[in-house]
Each structure stands twice: as structure tokens, then as C-alpha cells.
There are 2 protein chains.
Amino acid sequence: MIRHVVLFRFEDSFTPGIERRWRSGLDGLVGSVPGLRSLSVGRDLGGEARSWDCAIVADFDSLSDVAGYATHPLHTPLIALSAPHSRQIASVDFDLPTHRKDSTE
Amino acid sequence: MIRHVVLFRFEDSFTPGIERRWRSGLDGLVGSVPGLRSLSVGRDLGGEARSWDCAIVADFDSLSDVAGYATHPLHTPLIALSAPHSRQIASVDFDLPTHRKDSTE
């Protein structure tokens with residue numbers, strides 16, 4: 001499994017209206033994009049000096065599924081919505097071991 | 001639930017040996033830090049222009065649990081290990097809806 005993490009710093013031009021369309025589009029991708037198992041997106045609540053504005057965390061079956069997502073016809077319009085208003089974007093795609101310790105163990 | 005996401009860009013001085021100690025320490029936090037439900041960490045495999053080196057994604061019961069984690073005695077030595085070798089750190093803490101659509105639905 002691959003965990004795809006993207007952080008965004010947005011310009012003020014990224015209005016709530018544009019953001020709503022962007023996020024409702026993201027919400028519709030799971031179940032439509034091959035290999036996309038889950039996706040979470042949200043605005044920062046931490047407000048620290050190092051905080052950026054927003055994060056996406058999406059889990060995929062493989063790196064090639066992440067590549068397919070990048071050009072998927074349901075996703076590219078969302079990139080077109082956010083990219084013009086993104087001051088900075090940073091990403092990390094890392095291997096997510098299928099068995100991970102969580103606190104219920 | 002709060003999803004705590006941190007991206008790192010490391011200096012070359014962050015040797016594999018230091019990183020192993022850092023990551024084994026991180027692996028030991030779940031079950032010891034109050035409110036920490038899960039933690040995943042990994043090096044970037046994507047290799048894109050916008051890629052940073054490493055990401056942590058950790059889920060907590062609340063924002064105050066994230067604050068407690070930041071100063072927890074098991075975590076602060078890990079910050080001391082990585083901070084001197086971190087060229088840049090960015091974070092987003094966002095609200096993670098307890099019910100999220102995933103592809104099995």
C-alpha cells in the first residue's frame with residue numbers, strides 16, 4: 001500500500017466557493033479511481049508557525065495507481081481548480097506496511 | 001479524530017543510523033502516548049520535483065492529544081534527534097471525520 005500525502009499553501013484567491021467544489025470533487029474519487037482505497041482532506045487546525053493550509057492523505061494499492069490518479073479524468077479538473085491558487089505544494093508518497101500497530105493492540 | 005501530518009526535508013547529515021533510531025522511537029509511541037491511535041512514517045518513493053523526503057501521518061483523539069504528544073517524554077528525544085538535521089518541516093493537523101468512505105463500500 002502507498003500513502004500519498006500532499007500539503008498545500010493557498011493564495012487568498014482560493015475562495016470558499018472554489019474550495020467547496022474542489023473538496024466535493026475529491027470526496028467523489030474513492031470508488032472511481034482504480035487502486036484508490038481511501039482519501040482524507042482537511043484544513044489546518046494547528047495554527048503553528050510551520051503549519052501549511054491544507055493536507056490530503058490518500059491510500060493506494062501501488063505507486064502506479066498514484067500515477068494513474070494524477071492523470072485520471074475525474075482528478076485533473078480538480079487540479080485545474082486548485083493549482084492556480086496554490087502558492088506551494090509539497091508531497092511524499094511512502095510505503096505503508098499493511099499491518100500497522102494501532103492503539104487497540 | 002485529528003490527523004496530524006508532518007513533512008520533512010532532511011540535510012545530508014541525517015544519516016541512516018540516526019534515522020533508524022528516530023524511526024524505531026516513533027514506532028514505539030503508539031500505545032504509550034495518550035490519545036495516539038496510529039502512526040505511519042516513511043521515505044518518499046515518488047521522486048517528483050515537489051517531493052519532500054519523509055512524512056509522518058499520526059491520528060489522535062483530539063487536538064489536545066496532539067499538543068501532549070509534542071511534549072511527551074518519549075517524543076521529545078526523537079525531536080532532538082531529527083530537528084538538527086531538518087532543513088524544513090511543514091505540518092497540517094486536520095479534522096478526520098470518524099466515518100470516511102473507503103473503496104470497500
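At 27% relative accessibility, A:R23 sits in the partly exposed class. That value, like everything else here, comes from a predicted model.

**Around A:R23**

A:R23 pairs with A:E19 in a salt bridge, and the closest N and O atoms are 3.7 Å apart. Both residues belong to helix α1 of chain A, which covers residues 16-27. They are 4 residues apart, or about one turn of the helix. A:E19 has a relative accessible area of 10%, so this glutamate counts as buried.

**A serine on another helix**

Over in helix α3 of chain A (residues 76-82) you'll find A:S82. Is A:S82 buried or exposed? Its relative accessibility is 5%, and because the cut-off for buried is under 20%, A:S82 counts as buried. The side chain of A:S82 makes a polar contact of 3.4 Å with the side chain of A:W22. If you set aside the neighbours within four places in sequence, A:S82 is in contact with A:W22 and A:F14.

**Two salt bridges in chain B**

Now for chain B. B:R3 and B:D59 form a salt bridge whose closest N and O atoms are 2.8 Å apart. This one links distant parts of the chain: B:R3 is in strand β1 of chain B and B:D59 is in strand β3 of chain B, 56 residues apart. Both ends are tucked away by the numbers, as B:R3 is buried at 5% relative accessibility and B:D59 is buried with a relative accessible area of 7%.

Another salt bridge brings together the side chains of B:E11 and B:R87, at 3.5 Å from N to O. B:E11 lies in the loop between β1 and α1 (16-27) of chain B, while B:R87 is in strand β4 of chain B, so the pair ties together parts that are 76 residues apart in sequence. Here the classes read another way: B:E11 is partly exposed at 34% relative accessibility, and B:R87 is partly exposed with a relative accessible area of 46%.

| Salt bridge | N to O distance |
|---|---|
| A:E19 and A:R23 | 3.7 Å |
| B:R3 and B:D59 | 2.8 Å |
| B:E11 and B:R87 | 3.5 Å |

Over all chains, the count of salt bridges comes to 12.

**Where the chains meet**

How many salt bridges are there between chain B and chain A? The count is 0. There are polar contacts, though: 10 residue pairs across the interface of chain B and chain A, with both residues at pLDDT 80 or more. On the chain B side, β1 (2-10), β2 (36-43), β3 (54-60) and β4 (86-95) each supply at least two of the residues that touch chain A. The largest share, 8 residues, comes from β4(B). Sorted by class, the side of chain B that touches chain A has 18 nonpolar, 12 charged and 9 polar residues.

As for extent, 39 residues of chain B are in contact with 39 residues of chain A. The size of an interface is often given as the accessible area lost when the parts come together. For chain B and chain A, the buried area is about 3,100 Å², and carbon and sulfur atoms give 58% of that.

Conventions: Residues are numbered from 1 along each chain as its sequence is written. Chains are lettered from A and ligands numbered from 1 in the order in which they are written. This is a predicted model: local features need pLDDT of at least 70, side-chain atom pairs count only at pLDDT 80 or more; totals for chains, interfaces and linings use all residues. Side-chain values use heavy atoms; hydrogens and water are left out. Contact means heavy atoms within 4.5 Å. Buried area is the accessible area (1.4 Å probe) that two parts lose on being put together, summed over both. A salt bridge is a side-chain nitrogen of Lys or Arg within 4 Å of a carboxyl oxygen of Asp or Glu. A polar contact is a pair of N or O atoms within 3.5 Å; within protein, one must be able to donate a hydrogen and the other to accept it, and residues adjacent in sequence count only if both atoms are side-chain atoms. Ala, Val, Leu, Ile, Met, Phe, Trp, Tyr, Cys and Pro count as nonpolar, Asp, Glu, Lys and Arg as charged, and the others, Gly among them, as polar. Buried means under 20% relative accessible area, exposed over 50%, partly exposed in between (1.4 Å probe, protein chains only).
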